[in-house]
Amino acid sequence: MARFEAAAVTPTHRLIAFLNSFFRAPRFAAGARVNRLHKGTLDRIDGRVVAQTRDGVLVEWPRHGTGWERPGALCQQG
């Protein structure tokens, strides 16, 4: 029987994972409340996430209807 040992997680592995996180698209759960940033200002607020796919995030806005948004343009409300 072969014996396997778990690979140790080093500080270098943690640093690489942290840096990679800057290049991943944010994930939003259905029902999350979001705002949209455009050119450095909030131009839409209080949206509700309907769904998220590889192509974007479907958001229902209270005054602008429903539309697809880039994940990087959204910020989740606290």
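Predicted model: local features only at pLDDT ≥ 70, side-chain atom pairs only at ≥ 80, totals over all residues.
Which backbone nitrogen does the side chain of Gln52 reach at 2.7 Å? I looked this up and found the backbone nitrogen of Phe28.

**Basis.** Residues are numbered from 1 along each chain as its sequence is written, and side-chain values use heavy atoms, with hydrogens and water left out.

**Confidence.** I noted an average pLDDT of 88 for the protein, with 91% of the residues scoring at least 70. Confidence is lowest in helix α1 (residues 11-21), at a mean of 85, and highest in strand β3 (residues 56-61), at 97.

**Gln52.** I placed Gln52 in strand β2 (residues 41-53); strands are DSSP runs of E, at least two residues, and helices are runs of H or I, at least four, numbered from the N terminus. Gln52 counts as buried because its relative accessibility is 15%, and buried means under 20% relative accessible area, exposed over 50%, partly exposed in between (1.4 Å probe, protein chains only). Its side chain also reaches the backbone oxygen of Pro26, at 2.9 Å. Leaving out residues up to four places away in sequence, I listed Pro26, Arg27, Phe28, Val57 and Pro71 as touching Gln52, where contact means heavy atoms within 4.5 Å.

**Gln76.** I found Gln76 in strand β5 (residues 74-76). Gln76 is partly exposed, at 48% relative accessible area.

Note on methods. pLDDT = per-residue confidence, 0-100. Polar contact = N/O pair within 3.5 Å; in protein donor to acceptor, adjacent residues only side chain to side chain.
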